[in-house]
Amino acid sequence: MDASDITIREAKPDDFASVAEMHYPVWRQSWSGILAPPLLDILGPPKRWVAEIYPQSLNRRGWSMWIAEADGRTIGVTIFGPDSAGPDHLLIDALYIAEESQRHGVGSRLLEKAVGSHPSGDVVLWCAEKNGKARRFYEKKNFQVDGRTFNWEPLPGVIVAHVGYRLMRR
């Protein structure tokens, strides 16, 4: 895959179905070993993302979804906006790249788009403590564990430890 073959653009509601089609298998793979498959089935139906999750995320003031496309198909997505805990900071809520498109600079380009959209303040995100692949990616991009922790409870009694990452820009 050549970088010139990749288009980065802001997503529209008409894109949500193709985004979910790409996002769901990558999301499942990244959470494999962290959550049991039956829990992933409950949390992740792509139709739910198209109808509920994406619209709710993007309904927040200042939030955006950007996608990477190649050969007419979606190969990556990032969702980001102002951090409610510190509106001068940017919160990256999601960054997922299709498996076959990873390690080709797609994630870096989407991350640059997000970071460049909000030129002041720090960039923050949450990462599952056990998601080594994502943690290595962010650390390679100069994000540092910042001491924040969060226990996500997607379903009653199901706890997933998260660590906070920060890219300091001051």
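Q: What follows α1, and what is its phi?
A: In this predicted model, α1 is followed by Gly-33, whose phi is positive, near 90°.

Q: How do you know that the span of α1 agrees with its number of residues?
A: α1 has 16 residues, and at 1.5 Å a residue these should span 22 Å. The C-alpha atoms at its ends lie 21 Å apart, which agrees.

Q: Where does α1 bend, and by how much?
A: The bend is at His-23 and amounts to about 30°. A proline, Pro-25, follows within four residues.

Q: Which residues of α1 are called buried?
A: The buried residues of α1 are Phe-16, Val-19, Ala-20, Met-22, His-23, Tyr-24, Val-26, Trp-27 and Trp-31. The term requires a relative accessible area under 20%.

Q: Why is the pair of Asp-41 and Arg-28 called a salt bridge?
A: The closest N and O atoms of Asp-41 and Arg-28 are 2.6 Å apart. The cut-off is within 4 Å, so the pair counts as a salt bridge. Asp-41 belongs to helix α2 (residues 37-43) and Arg-28 to helix α1, 13 residues apart, and the pair links distant parts of the chain.

Q: What makes Asp-41 and Arg-28 buried, exposed or partly exposed?
A: Buried means under 20% and exposed means over 50%, with partly exposed in between. Asp-41 has a relative accessible area of 45%, so Asp-41 is partly exposed. Arg-28, at 22%, also counts as partly exposed.

Q: Why are Arg-48 and Glu-52 said to be separated by about one helical turn?
A: The two residues are four residues apart in helix α3, and therefore about one helical turn separates Arg-48 and Glu-52. Their side chains meet in a salt bridge at 3.6 Å, N to O.

Q: How do you know that Asp-122 and Arg-166 form a salt bridge?
A: Their side chains meet at 3.2 Å, N to O, and the cut-off is within 4 Å. Asp-122 lies in the loop between α4 and β5, while Arg-166 is in strand β7 (residues 158-167), 44 residues apart. Both Asp-122 and Arg-166 are buried. A network of salt bridges links Asp-122, Asp-146, Arg-148 and Arg-166.

Q: What makes up the lining of the largest pocket, by class?
A: The lining has 24 nonpolar, 12 polar and eight charged residues. The largest share, seven residues, comes from β4. The pocket has a volume of about 1,500 Å³.

Q: Which element gives the most to the lining of the second largest pocket?
A: α1 gives the most, with six residues. By class, the lining of the second largest pocket divides into four nonpolar, four polar and four charged residues.

Key: Residues numbered from 1 in each chain as written. Predicted model: local features only at pLDDT ≥ 70, side-chain atom pairs only at ≥ 80, totals over all residues. Heavy atoms only, no water. 1 Å grid on protein atoms, 1.4 Å probe; cavity = no way out; pocket = protein on both sides within 12 Å on 5 of 7 lines; lining within 4 Å. Points joined across faces, edges and corners; volume = space filled by probe spheres on them. Nonpolar A, V, L, I, M, F, W, Y, C, P; charged D, E, K, R; others polar. Expected span 1.5 Å × (residues − 1). Bend = angle between axes of the 7 residues up to and from the residue. Buried < 20%, exposed > 50% of the residue type's maximum accessible area, 1.4 Å probe, protein only.
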